Amino acid sequence: MNMMSEAAVEKALDKKMNDVSFKMIGKDVSVYYGAKRALFDVNLNVRQNTVTALIGPSGCGKSTFLRCLNRMNDTIDSCRVTGKITLDDGDIYDPSIDVVELRARVGMVFQKPNPFPKSIYENVAYGPRIHGLARNKAEMDQIVETSLQRAGLWNEAKDRLQEPGTGLSGGQQQRLCIARAVAVSPEVILMDEPCSALDPIATAKVEELIHELRANFTIVIVTHSMQQAARVSQRTAMFHLGNLVEENDTDKMFTNPDDQRTQDYIMGRFG
Amino acid sequence: MTDISSSVSSGIAGAPRAYRDIGIKRRYAAERRFRIYGISAILIGLFFLFTLLWTVFSNGYTAFVQTTITLPIEFSEQTIDPDAERTTDPSVLLSANYPVLVRNAMIKILNIDPANRALVKRATDMISPSARIQLRDVVMADPSVIGKTVNVALLAEANVDSANKGQVDLTVDEARRKINNQQLTWMDQLRESGVMTKEFNSGLFTSGASSRPEASGVGVAALGSLYMMLIVVVLSLPIGVAASIYLEEFAPKNRFTDLIEVNINNLAAVPSIVFGLLGLAIFINFAGMPRSAALVGGLVLTLMTLPTIIIATRAALKAVPPSIRAAALGLGASKMQTIFHHVLPLAAPGILTGTIIGVAQALGETAPLILIGMVAFVVDYPGSPMEPSTALPVQIYMWANEAERAFVERTSGAIIILLAFLIVMNLGAILLRRRFERRW
Amino acid sequence: MNTSLIILFILVLGLIGYVTGRTRSLSISGGKLSALHSRPVYYGSYVAIWAVIPSLIVLFVWLIAAPIYIDSLIRSSFPDSVLSQGSATTELTLGTTRSMAGGILLLSAEELEAAKSGTGNLREILASKGVPLASEAQPFMIEAAESFNALSATSRLLMTIVVFAIGVLGAFFAVRRIGLRFRARNQVERVILAGLILASSIAILTTVGIVGSMLSETTRFFQSVPAYSFFFGTVWDPRFAAAGAAATAGQFGLIPLLAGTLYIALVAMLFAVPVGLFAAIYMAEYASPVVRGTAKPLLEILAGIPTIVYGFFALVTVGPFLRDISTELNGLVTGNYVNFIQAQSVLTAGLVMGIMLIPFVSSLSDDIITQVPRAMRDGSLGLGATRSETIKRVILPAALPGIVGALLLTASRAVGETMIVVLAAGVAARLQLNPFEPMTTVTVKIVNQLTGDLEFTSPQTLVAFALGITLFVITLFLNIYALYIVRKYREQYE
């Protein structure tokens with residue numbers, strides 16, 4: 001039931017993309033871990049209702065940049081961020097901005113599926129519950145159902161909502177984590193190599209899901225795989241050694257990149 | 001749902017997102033409360049730690065000083081050996097009436113009328129009854145002092161000692177005080193003339209049990225503890241290391257080794273008093289070893305310490321990377337050679353740290369020793385681990401049961417000594433760990 | 001020759017064997033060490049092992065078996081008048097004979113003659129030598145004592161000869177086996193391995209010893225006091241009676257002691273668990289490295305302080321403080337300045353024990369909490385949960401099994417704690433619910449019953465073992481269940 005016709009989606013999105021609006025803007029973002037600098041003055045804008053893929057060899061800073069977008073780097077003691085990142089024109093590193101509020105608007109899905117050791121239902125209901133998004137049980141049920149549907153997990157999980165989330169297969173667990181993020185109804189969803197721990201079939205399902213989520217959310221995804229970036233994203237940013245090398249339309253990036261290093265990487269000369 | 005816009009506006013992706021209420025204020029209040037609980041928990045723990053240490057130190061530091069009264073004692077032959085028999089029967093020196101010497105000296109120095117018995121008694125009461133033994137020892141060591149007058153530093157009686165240290169509340173009515181005004185006046189007098197002084201209390205470290213607080217010390221108990229610690233180290237270190245080597249390096253994974261494993265972990269958590277019962281039933285009642293002996297105490301403490309050492313040693317062996325073993329085996333060393341030549345030396349710091357911690361635990365252990373009869377009143381140094389002896393913590397227990405104020409001071413002093421030993425041992429363990437800590 | 005001298009000689013023999021073995025292996029190698037299978041050290045050790053170990057084993061077996069055999073010989077030599085009176089009398093006579101045998105050795109020939117001819121009283125003569133006898137010496141006992149001495153001397157002589165013979169033969173056998181291809185190292189290593197196995201079975205032996213000794217003493221206790229009146233009795237009143245006067249055995253009800261033990265442990269846990277748990281949570285989740293690095297070791301000092309010190313702290317500080325504060329409170333509220341908290345009370349003991357348990361709870365919980373994978377934290381924080389929400393809703397539920405295990409281990413420690421309760425809980429065995437009144441515990445009573453002169457036949461003494469095994473079984477179940485839970489928990493996150 002979640003299968004929208006490809007054409008309808010494209011049409012709706014094309015309309016939005018024509019008037020380019022930036023959901024998040026990163027300006028001169030640098031990150032230091034202790035004395036070590038991990039990012040060098042990155043300027044990268046994230047477009048509304050677009051999937052932006054961050055690619056590059058390991059250790060290039062793509063995950064670090066991603067984690068800046070909802071201040072997950074705050075949980076690392078030695079980490080320091082400079083520069084400016086805005087969400088809908090508000091500086092997310094402004095002292096008046098609250099991390100909890102920010103993370104409710106910018107959700108995150110992690111590399112390894114990390115369902116809580118609770119039931120499937122409770123996993124999805126966790127976010128809405130802490131944020132007080134449901135007024136009663138019926139509303140919560142509704143949110144859980146909708147979120148699981150959006151994550152394409154409803155059909156598989158609807159009969160076992162009370163079973164532990166850790167009992168699902170790897171791919172299902174990752175979709176559960178996506179459902180969990182969706183349930184908070186954030187505006188942006190960050191995905192940190194969401195398919196790296198999954199087999200090809202589960203990966204295909206998640207990719208399909210990302211494609212559909214784009215209708216309602218702005219998505220930034222870090223990926224190892226160039227094919228995946230080409231399949232799921234509209235915009236792609238290439239990182240190398242902590243620098244943003246190039247940011248472009250995905251089609252252009254994979255056919256005719258502006259930067260030599262991007263070409264080398266895509267051709268498989270390094271990375 | 002084919003219509004995107006309807007799903008966007010339906011419920012969960014609610015429209016005015018930036019302004020939705022997620023209860024930030026309430027949640028941060030909860031966060032703050034939670035944090036405060038955590039901080040208070042730590043503060044409560046630290047508060048009790050410092051109160052405990054404060055109790056011990058404030059009560060105990062004065063135990064290291066002792067009031068002494070140096071009297072010119074006239075060793076009159078008439079009193080000690082009226083019939084001049086000492087060349088033929090030396091035992092007269094043992095049973096001579098030494099308290100008279102003290103009395104005479106006090107009468108002289110305080111200028112009291114010898115006929116006023118009450119006053120004389122008050123004066124002699126200021127000197128510890130242990131003076132008798134002290135003087136006897138002087139005479140026994142050198143009988144030639146008889147007939148001479150020699151200055152001897154005698155211990156003041158416990159209440160005089162307390163008063164001299166300012167621990168007696170002088171506002172209390174005289175009748176309810178253990179020290180009366182007359183004695184206080186004398187004390188001032190003696191202090192001014194330099195007869196009464198405060199000296200370092202070496203007796204606390206060298207003496208044994210005594211019914212008089214001023215004459216009792218932890219020396220004898222400490223020797224008992226030393227014997228036991230030696231036995232513990234000599235037995236539990238080799239046995240513990242051997243057992244760990246077998247379990248970690250050789251033992252097949254089967255029911256039996258599983259049983260040993262569970263056993264060791266359980267033994268580490270068995271109440272210490274149960275080990276005391278074991279010692280009583282097996283070592284004393286069955287094997288017929290002497291009661292109150294440091295040997296039995298040492299054996300019981302060894303059994304208690306073994307699990308600690310085994311657990312620490314196994315962790316240390318586990319921490320040696322397999323590559324070291326592979327390298328030695330690859331050169332043709334036997335498994336036994338690999339372990340004894342390469343693995344064991346690398347694990348040695350960890351093993352030693354575990355041993356020190358285990359021995360420190362054993363040093364503070366009291367309950368099992370009480371059961372095997374080490375609560376004895378031991379006055380003399382035990383010559384061997386087979387002789388009746390007592391231990392430092394047991395001495396503390398016995399003193400803690402005494403009612404006199406001066407014993408509280410002694411108890412705290414003994415605790416300070418015990419804690420000092422423990423601190424030194426634990427610091428040693430920490431230094432060892434720092435010095436040899438290895439990151440593979 | 002006395003035993004330690006024999007052992008010393010065996011060790012010397014071993015040393016000689018070592019040198020011989022080493023020299024011989026060197027000589028047969030003809031200077032080419034690589035021709036030997038093992039290094040010369042191993043040949044030396046091999047000979048030493050053969051010289052020492054079999055002879056030592058024989059020595060110890062002999063030392064245990066010979067007295068038993070001699071006793072049975074002496075026992076059978078007693079006249080029927082003694083034997084017919086049952087085993088108790090026989091054993092008593094045997095005991096007297098043995099101490100007499102020891103005493104006779106101290107006597108001069110004339111004194112012994114006098115005793116034998118009946119002109120001197122042997123009991124008095126021996127008493128003057130510091131050897132007290134339990135009963136009057138009878139002529140047959142003097143004879144028995146002499147034959148006891150003769151047998152012991154023969155046995156000792158034989159033992160010395162046999163042990164040395166075995167040592168020397170062993171060494172010869174070993175030296176004879178030395179050859180170029182002889183695998184001395186493998187042989188020596190097998191002996192070492194056997195030693196290692198022996199060492200690791202000591203843990204088992206300890207448990208067997210605990211269970212065995214306590215079970216046998218407890219069985220003896222249940223012969224004079226029925227088991228049900230011990231386990232279900234509500235009155236504890238073990239009158240200390242003169243030996244043998246079993247008529248006034250007293251009552252040995254476990255219930256009041258068990259109630260006191262559990263009550264005090266409960267109070268201690270009520271105090272220690274929240275404090276320890278919150279301290280652990282704060283240190284694991286909030287504290288900066290500096291705070292953590294200071295507070296953690298400081299709290300761990302509490303764990304290193306001997307329990308006797310806590311007992312003293314309860315006795316001189318906490319108990320009087322609670323008593324005085326209750327006097328003040330009572331005075332302020334009712335005007336009647338009488339304390340309602342006793343200096344020795346469930347509260348005093350529980351509170352001080354709680355202080356002692358704080359570091360156990362906190363360091364065990366700290367281990368468990370830090371084992372919860374970082375991904376769990378990130379997952380929750382990434383959804384916009386605050387730290388405390390993450391802790392309460394994700395980390396604690398995930399760590400719950402481990403924490404429960406840790407708490408059970410702590411409870412086991414609280415139940416078995418002795419010195420604090422001995423000094424702070426009181427000795428009156430009462431069955432009541434007021435935490436301000438003294439109660440007593442199983443451990444206190446074990447100490448009470450076993451302090452002073454002991455007699456291993458009276459129920460007053462034996463009850464301590466019944467209490468001990470009760471304590472052991474309770475803590476055993478707590479420990480094993482807790483260890484099982486913690487182990488399962490560890491495996492889950494490994």
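Predicted model: local features only at pLDDT ≥ 70, side-chain atom pairs only at ≥ 80, totals over all residues.
**Stop 1: the annotated part of chain A.** Select residues 24-266 of chain A, where an unreviewed UniProt entry places the feature "domain: ABC transporter". Colour this stretch by secondary structure and you will find 38% helix and 27% strand. Its end C-alpha atoms are 26 Å apart.

**Stop 2: where chain A meets chain C.** Now show both chains: 22 residues of chain A are in contact with 15 residues of chain C. To see the chain A side, pick α3 (99-105), β6 (106-109), α4 (120-131) and α7 (170-183), the elements that each give two or more residues to it. Which of them has the largest share? That is α4(A), with 4 residues. Colour this side of chain A by residue class, and it comes out as 12 nonpolar, 6 polar and 4 charged residues.

**Stop 3: the annotated spans of chain C.** Move over to chain C, where the UniProt annotation "transmembrane region", again from an unreviewed entry, covers several stretches, including 45-70, 191-215 and 462-486. Two others from that annotation, 157-179 and 298-321, deserve a selection of their own. Residues 157-179 are 91% helix and 0% strand, with end C-alpha atoms 36 Å apart. For residues 298-321 the figures are 92% helix and 0% strand, and the end C-alpha atoms lie 24 Å apart.

**Stop 4: the domains of chain C.** Finish by colouring chain C by its domain assignment: domain 1 is 3-182 and domain 2 is 246-492.

Key: Residues numbered from 1 in each chain as written. Chains lettered and ligands numbered in written order. UniProt positions renumbered as here; feature names shortened; annotations may be inferred. Contact = placed C-beta atoms within 7 Å. Nonpolar A, V, L, I, M, F, W, Y, C, P; charged D, E, K, R; others polar. Domains from an automatic or database assignment.
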